[in-house]
Amino acid sequence: MANVELRRTMLGARWLLLWAAFVSVRPEPQVPCYFIFGDSLVDNGNNNNIASLAVANYPPYGIDYPSGPSGRFTNGLTTVDVIAQLLGFDDFIPPYASTRGQALLAGVNFASAAAGIREETGQQLGGRIPFGGQLQNYQSAVQEMVSILGDEDSAADYLSKCIFSVGMGSNDYLNNYFMPAFYSTGQQYTPEQYADELIQQYSQQLRTLYNYGARKVALIGVGQVGCSPNELAQRSPNGVACVEEINSAIRIFNAKLIDLVDEFNALDGAHFIYINGYGIFEDILRNPAANGLSVTNRGCCGVGRNNGQITCLPYQAPCPNRDEYLFFDAFHPTEAANIIIGKRSYSARSRGDAYPMDIRRLAQV
């Protein structure tokens with residue numbers, strides 16, 4: 001009897017050793033933390049409890065996400081969820097709205113649907129947290145991290161190793177410049193002048209981010225907004241051809257964003273990169289079948305022409321073949337598309353995907 005008990009004890013000890021070995025060899029994330037700023041393309045719940053039309057915490061959003069609707073404006077994962085996985089994080093980066101204290105040290109998502117570089121952008125949709133407000137939240141988080149880590153120098157050293165991704169500007173076109181019923185910017189500025197105004201403000205905001213410890217920063221270029229089902233429904237004669245007036249204005253902004261990367265890389269310790277969201281999206285549209293997609297001009301759910309005139313209604317049944325659609329609703333890509341974009345942002349498939357390096361290399365510098 002004693003021998004049986006001894007064997008059981010030894011077997012239990014062996015399993016404990018094996019488990020300890022398994023835990024010890026699990027690779028650490030490539031960076032200690034990942035901080036995310038942006039709009040509805042990457043919002044994962046910060047707008048859930050805001051008085052806003054820009055919310056997605058109801059079905060069919062999240063239909064393919066493990067815990068269901070979360071506030072993500074897609075059926076499953078966003079691009080930053082994919083990037084977090086590729087960086088080696090065990091969990092997705094949580095929304096700032098529900099994250100405080102020690103949990104901040106792994107990073108947090110500050111993104112807010114309808115947010116823009118400009119304060120007024122998206123105001124017709126109600127509550128949102130513009131980039132300026134997201135930066136204020138980040139500054140508050142940094143103060144908490146200083147308290148946790150002991151002093152400002154320790155916090156600065158820690159933050160210098162983290163990845164920051166910032167994807168702003170889409171709404172400054174979609175929900176501002178090209179929305180004359182609510183905004184006068186389209187009459188005030190030429191596309192060139194408007195891009196200059198945006199870049200000037202963006203530069204000041206990014207300087208605040210740098211001053212509060214960000215050193216490894218991925219700036220995500222604005223995608224082909226003129227190819228979204230919403231814009232196709234409103235402005236495309238055949239519902240297929242992208243709206244060049246919008247896309248050409250966005251190309252001007254993106255070109256200036258690349259110049260901004262060069263300017264910031266002249267600062268001490270700064271490693272800023274540009275992710276070519278526009279080019280990656282263009283490549284997907286040019287070769288949808290090569291990317292496993294067959295429907296590129298309609299939302300998987302929504303109402304009206306191109307399923308793009310009204311976004312997905314609560315409990316509306318989405319298309320069954322979601323992995324073949326580029327867009328889930330009138331504006332936002334499906335998980336299938338987000339996986340492609342996230343993977344190419346992390347590890348560039350062509351030289352044009354990222355400048356001067358991709359996120360994988362950024363994590364290593």
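Is the disulfide of Cys227 and Cys242 right-handed or left-handed, and what is the torsion about its S-S bond? In this predicted model, the torsion is about 115°, so the link is right-handed.

Let's stay with that pair for a moment. Cys227 sits in the loop between strand S3 (216–220) and helix H8 (229–235), while Cys242 sits in the loop between H8 and helix H9 (244–264), so the bond ties together parts 15 residues apart in sequence. Cys227 is buried, at a relative accessible area of 1%, whereas Cys242 is partly exposed, at 34%.

The count comes to four disulfides, among them these:

| Pair | S to S distance | Source |
|---|---|---|
| Cys227 and Cys242 | 2.1 Å | predicted model |
| Cys300 and Cys319 | 2.1 Å | predicted model |
| Cys301 and Cys312 | 1.8 Å | predicted model |

Now for the loop between strand S5 (295–299) and strand S6 (325–327): Cys300 and Cys319 both lie there, 19 residues apart. The torsion about their S-S bond is about -110°, so this disulfide is left-handed. Cys300 counts as buried at 5% relative accessibility, and Cys319 is buried too, at 8%. Cys301 and Cys312 are also in the loop between S5 and S6, eleven residues apart. Their link is right-handed, with 85° about the S-S bond, and both cysteines are buried. Counting bonded cysteines along the chain, the pattern reads 1-2, 3-4, 5-8, 6-7.

On to the helices. H10 (residues 277–286) and H11 (residues 335–346) pack at about 135°, with axes 10 Å apart, and are therefore oblique to each other. Ile280, Phe281, Asp283 and Ile284 of H10 meet Ile340, Ile341, Arg344 and Ser345 of H11. Those contact residues split into five nonpolar, one polar and two charged.

Conventions. Residues are numbered from 1 along each chain as its sequence is written. This is a predicted model: local features need pLDDT of at least 70, side-chain atom pairs count only at pLDDT 80 or more; totals for chains, interfaces and linings use all residues. Side-chain values use heavy atoms; hydrogens and water are left out. Axes are lines fitted to C-alpha atoms, for helices over the stretch in contact, and angles run from 0 to 180 degrees between N-to-C directions. Helices (H or I, at least four residues) and strands (E, at least two) are DSSP runs, numbered from the N terminus. Angles under 35 degrees count as roughly parallel, over 145 as roughly antiparallel, 65 to 115 as roughly perpendicular and the rest as oblique. Contact means heavy atoms within 4.5 Å. Ala, Val, Leu, Ile, Met, Phe, Trp, Tyr, Cys and Pro count as nonpolar, Asp, Glu, Lys and Arg as charged, and the others, Gly among them, as polar. A disulfide is a pair of cysteine sulfur atoms within 2.5 Å. Buried means under 20% relative accessible area, exposed over 50%, partly exposed in between (1.4 Å probe, protein chains only).
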